[in-house]
Amino acid sequence: MATHEVTFPITDEAEILKLRAGDEVTVQGHIIGIRDRTQIRIFDEGVEPPMDLRGAFLLHTAPGVRKVGDKYEPVCIGTTTSARMVRFTEPLGAQYGVRAICGKGGFPDEAIEPMRALGMIYFAIVGGAAALETTQIEEIEEVAWEELMPECLWKFRVRDFGPLTVGIDAHGNSLYHDVQAAAHEKLKELYARL
Amino acid sequence: MSTVATDIQQAVEDAAAHLYVWALKDIPQDLRDALAEAKDRETSIPGKRVLETIVRNVEIADSNSNLVCQDTGIAVYTCRVGEDFPLHPARIYEALKAGTERATLEHPLRSNAVHTLTRENTGPNTGYRLPIVHWEFISGWDGLDVKCVPKGSGSENMSFLKMCVPADGVNGIKKFVLESIVESGGKPCPPGIVGVGIGGSADYAMYLAKEAIARPIGTRNHDPHVAKLEEELYELLNETGIGPMGLGGDVTVLNCHIEHADTHMTLNPVAVNYQCWAARRASAHVAADGSVDFDREA
Ligand code: SF4
């Protein structure tokens with residue numbers, strides 16, 4: 001299990017293909033915060049997002065912020081459960097060129113094939129570790145769709161964002177799939193012992 | 001009389017406001033110890049990475065005086081009210097609600113409360129029947145114990161109820177708990193506390209499961225049959241291999257707590273309520289004269 005540093009947005013697909021499920025990754029550059037309502041607006045209501053998502057790293061978040069003048073400052077920024085938003089994976093990659101989605105708890109198996117076909121990664125963050133995550137957000141550079149607060153479209157500049165674990169890679173491997181398969185086998189053994 | 005009542009009501013409100021923020025920022029020592037122990041015990045590489053990060057996060061929350069986790073949850077309070085405590089529970093409820101609102105506005109904390117159908121925000125972490133309060137009444141006592149348990153949605157969404165039949169027996173209970181935790185995978189931010197409620201009725205079993213997650217980690221049920229089941233389930237759950245954040249590993253749960261009630265001869269209800277690694281709780285004791293003692297370990 002290798003360790004990598006990747007800067008987003010990426011332009012070279014090789015940056016994605018070198019990552020393997022289980023690897024540790026630290027992210028630099030810019031990441032985009034997104035949540036349920038943001039994606040419902042894009043895909044169910046058909047509103048074009050006012051930010052470029054090509055090569056982007058999306059974070060499942062609803063940040064706690066405070067407004068100082070006309071800028072937002074981070075108070076407490078953490079990450080939410082991803083599974084609720086799995087249905088947006090394919091269109092995010094196919095229509096907008098998103099390359100990475102980061103959240104907690106993983107995606108179910110239906111994300112594996114679109115991520116393989118479109119060269120995308122699912123990154124597992126440590127859920128709930130918001131005190132640490134907040135220190136890695138250098139600046140909130142842009143906020144769109146403020147009326148959806150806190151489920152706006154956020155642009156964060158980050159430094160040493162992580163540690164992240166590659167949960168699903170672009171080669172069809174998913175740690176979540178493997179852990180569930182092993183756990184179901186184990187359950188059979190445990191039931192037999194009861 | 002009314003002056004005294006107002007002062008005590010203010011004391012309960014102040015205690016609630018303090019407890020909510022305190023619980024969110026400063027996790028109890030038993031939880032810190034359990035997380036540190038889990039970090040040392042874990043052998044999977046991603047699992048160890050997760051636990052090291054959690055421990056580091058708790059330290060950063062301390063040094064930056066920030067929240068441990070961004071999800072301020074729904075405020076749940078458990079109250080033990082002495083029969084001679086000089087404030088009626090209706091007023092205690094008002095005070096808890098006012099305290100929750102004040103803490104949310106003053107800190108400020110993220111407000112999560114919405115109408116369950118319209119999804120419109122209903123107030124600063126308050127609304128119709130929010131916060132949620134569990135009550136217990138104690139005869140021959142004049143004090144009040146309040147415990148605040150902010151409950152995050154990631155773990156609350158992993159709640160399960162099964163009306164096992166008596167013929168399913170204890171094994172039916174074990175299987176349902178195991179299957180629920182495997183199904184939850186990484187979603188409730190494991191490793192945490194698995195709360196189990198058994199017996200009573202459907203609604204009461206779930207209530208008891210919530211009581212169970214609010215206990216100090218690793219405390220055991222007073223009934224030896226139930227305590228034995230707690231130990232067994234704790235061992236079995238850690239054999240599932242789900243691991244920290246569902247990435248695989250040795251530590252799937254920090255512990256398993258069970259609360260029980262006697263039930264109908266035809267019933268065997270089992271409820272599971274998950275509490276994430278950020279198992280936040282903070283307690284206070286309010287005396288009849290309005291003086292307050294905060295006790296982080298209760
Ligand atoms: S499940 Fe718990 S630790 Fe995870 S994000 Fe929610 S409140 Fe925080």
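Which residue stands opposite B:Val81 in strand 3 of chain B?

1. The model is predicted: local features need pLDDT of at least 70, side-chain atom pairs count only at pLDDT 80 or more, and totals for chains, interfaces and linings use all residues. Residues are numbered from 1 along each chain as its sequence is written, chains are lettered from A and ligands numbered from 1 in the order in which they are written, and side-chain values use heavy atoms, with hydrogens and water left out.

2. Opposite B:Val81 stands B:Leu144. Strand 1 (residues 74–82) and strand 3 (residues 144–151) of chain B run antiparallel and are joined by 8 bridges. Strands here are DSSP runs of E, at least two residues, numbered from the N terminus; two of them pair if DSSP finds at least two bridges between them.

3. In chain B, 5 strands form an open sheet of mixed pairing, in the order 2-1-3-8-9. Its edges are strand 2 (132–138) and strand 9 (292–295), each pairing on one side only.

4. The ligand lies between chains A and B.

Definitions and conventions:
Near = heavy atom within 4 Å. Helix = DSSP H or I, 4+ residues; strand = E, 2+ residues; numbered from the N terminus.
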